[in-house]
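Subject: Structure handover

Hello,

I am passing on the structure below, and my notes on it follow. Please read them with the model open.

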Amino acid sequence: MAALSGLAALRAGRRLWKLPARPSAGLPGCWLRRGYIVGRAESPPTFGLLFDIDGVLVRGHRVIPAALEAFGKLINSQGQLRVPVVFVTNAGNILQHSKAQELSDLLGYKVDPDQVILSHSPMKLFSQYHNKRMLVSGQGPLVENARALGFQNVVTTDELRTAFPELDMVDLERRPKTTQRPRNDFPAIEGVLLLGEPVRWETNLQLIMDVLLSNGNPGTGQVTAPYPHLPVLASNMDLLWMAEAKMPRFGHGSFLLCLEAIYRKVTGKELKYEGLMGKPSILTYQYAEDVMRRQAERRGWSAPVRKLYAIGDNPVSDVYGANLFNQHLQMAKRGEEERGTGGQQKRQPSTIQSCVSILVCTGIHGSQDPGSEGAQLPFHGHRDFSFSPELLEASHIVHDVDEAVQLVFRQEGWA
């Protein structure tokens with residue numbers, strides 16, 4: 001017989017016991033699964049789960065065993081989720097359906113692409129830039145991702161370098177060997193899309209700066225840099241992230257930090273963003289709420305989702321973001337002025353009343369030096385998000401994602 005993997009293997013080793021009908025206990029025809037009572041007709045859930053991926057469900061390309069245990073509790077006997085679930089990752093150098101397939105293979109249950117939110121997914125809402133000619137930076141299926149987001153006229157940094165090879169001078173092997181004729185037939189670039197960390201940082205930093213300083217005409221050699229500069233949309237502000245290595249790796253936030261520092265040093269001004277997406281931005285959580293609402297509607301769950309539980313491993317993106325969104329929700333309740341989230345399309349009224357942050361110790365948080373407990377660690381958040389110590393404090397800290405799901409079930413009376 002073929003070997004089982006993921007959730008299928010977990011199910012194969014799990015015994016189910018049929019409980020006798022006991023009207024007084026209110027448990028007719030229920031099944032007992034590893035300590036959890038699963039009724040045939042559960043009441044519609046009024047809460048949903050937001051899962052980070054790297055450091056919570058997987059480390060690199062390996063699934064964390066606790067993730068299989070957690071989803072064993074979340075899947076019913078028909079193989080369907082018992083509660084709304086959305087995967088919110090700051091990754092962006094992959095197609096949405098590819099990430100869904102990757103998760104399906106690792107977790108052993110069908111993950112729909114609509115359940116996956118990449119760091120740049122909310123860019124779909126910035127329709128005012130979708131018809132502009134945009135320079136796009138990142139790696140992987142860049143053009144496909146940009147078009148899936150609605151941007152129909154994009155230029156990659158590789159295409160820009162091909163048009164103007166004299167702009168890329170760091171790598172001696174790539175410098176042009178002959179003098180290039182000036183080009184005046186290259187259409188002006190109207191904005192910049194930063195979808196994720198690129199491979200050749202020096203090339204991307206140089207060409208992005210050239211576009212911003214020349215107002216979209218990098219072959220003209222303009223002397224006075226325009227300000228405000230061309231619109232810049234960026235996603236994934238993570239300074240670091242956790243893969244198979246014992247220490248964290250540079251994330252796209254490190255690339256943004258380099259770009260901001262160079263722009264400020266060259267011009268004396270701050271690089272400005274028309275939109276910053278990915279955790280911890282409020283816009284990403286609002287987008288996740290809309291995705292979760294549509295998921296609940298498809299499942300026929302009539303009760304609105306009132307509470308979100310955000311499970312992550314990074315205090316600066318996952319915890320800070322969930323707490324910032326919760327703060328935003330409480331301000332909205334009181335009718336106070338809300339923090340702006342960009343000029344995106346109008347949303348439906350929110351039904352979410354609170355967002356609870358849960359920190360796991362299987363990723364970035366678990367990689368920190370135990371001797372640093374209680375010490376004042378440097379703030380790794382993005383420049384445009386102020387340091388607020390209270391926003392870095394998780395509502396709950398647990399060992400792994402399985403403990404996080406058990407905690408949520410206890411909080412909601414499902415245990």
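Asn215 sits in the loop between H6 and S12; helices (H or I, at least four residues) and strands (E, at least two) are DSSP runs numbered from the N terminus. This is a predicted model, in which local features need pLDDT of at least 70 and side-chain atom pairs count only at pLDDT 80 or more, while totals for chains, interfaces and linings use all residues. Residues are numbered from 1 along each chain as its sequence is written, and side-chain values use heavy atoms, with hydrogens and water left out.

Back to Asn215: its phi is near 60°, a positive value in a residue other than glycine. Asn215 counts as partly exposed because its relative accessibility is 34% (buried is under 20% relative accessible area, exposed over 50%, and partly exposed lies in between, with a 1.4 Å probe and protein chains only). Asn236 also has a positive phi, of about 70°, without being a glycine. Asn236 belongs to the loop between S12 and strand S13 (240-241), and with a relative accessible area of 6% it is buried.

Two cis peptide bonds deserve a look. One joins Tyr227 and Pro228, with omega about 5°, and Pro228 lies in the loop between H6 and strand S12 (232-235). Another joins Lys279 and Pro280, with omega about 15°; Pro280 is in the loop between strand S15 (275-277) and H8. As background, most residues other than glycine have a negative phi, and most peptide bonds are trans.

For the chain as a whole, the secondary structure comes to ten helices and 18 strands. Of its 415 residues, 51% count as buried. Among contacts with a separation of 6 or more, 75% are between residues 24 or more positions apart; contact means heavy atoms within 4.5 Å.

Next, the sheet. Six strands form an open sheet with parallel pairing, in the order S8-S7-S4-S16-S17-S18 (two strands pair if DSSP finds at least two bridges between them). Strand S8 (116-117) and strand S18 (396-398) are at the edges with a single partner strand each, so one side of each has no neighbour in the sheet.

Strand S4 (residues 47-51) is mostly covered, with five of its five residues buried. Phe47, Leu49 and Phe51 point one way from S4, Gly48 and Leu50 point the other way, and all are buried. S4 pairs with S16 in the parallel sense over five bridges, and Phe47 stands opposite Lys307 in S16. S4 also pairs in the parallel sense with strand S7 (residues 85-88), over three bridges, where Phe51 stands opposite Phe87 in S7.

Strand S16 (residues 307-312) and strand S17 (residues 354-360) are a parallel pair joined over six bridges. Gly312 is opposite Leu359 in S17. Helix H9 (residues 315-334) packs on the sheet, touching S16 and S17, and its direction makes about 165° with that of S17.

H9 also meets another helix. The axes of helix H8 (residues 282-299) and H9 come within 9 Å and cross at roughly 75° (axes are lines fitted to C-alpha atoms, for helices over the stretch in contact, and angles run from 0 to 180 degrees between N-to-C directions). H8 is therefore roughly perpendicular to H9 (under 35 degrees counts as roughly parallel, over 145 as roughly antiparallel, 65 to 115 as roughly perpendicular, and the rest as oblique). Ile282, Tyr285, Gln286 and Glu289 of H8 make the contact with Ser317, Asp318, Gly321, Ala322, Leu324, Phe325 and His328 of H9. By class, the contact of H8 with H9 has five nonpolar, four polar and two charged residues (Ala, Val, Leu, Ile, Met, Phe, Trp, Tyr, Cys and Pro count as nonpolar, Asp, Glu, Lys and Arg as charged, and the others, Gly among them, as polar).

Helix H6 (residues 201-213) packs against helix H7 (residues 252-267) at an angle of about 45°, with axes 11 Å apart. That makes H6 oblique to H7. Trp201, Asn204, Leu205, Ile208, Met209, Leu212 and Leu213 in H6 meet Ser254, Phe255, Cys258, Leu259, Ile262, Tyr263, Val266 and Thr267 in H7. The residues of this contact of H6 with H7 are twelve nonpolar, three polar and no charged.

Lastly, Thr157 is in helix H5 and counts as buried because its relative accessibility is 5%. Not counting residues up to four places away in sequence, Thr157 touches Leu135, Val136, Ser137, Asn204 and Leu207.

Regards
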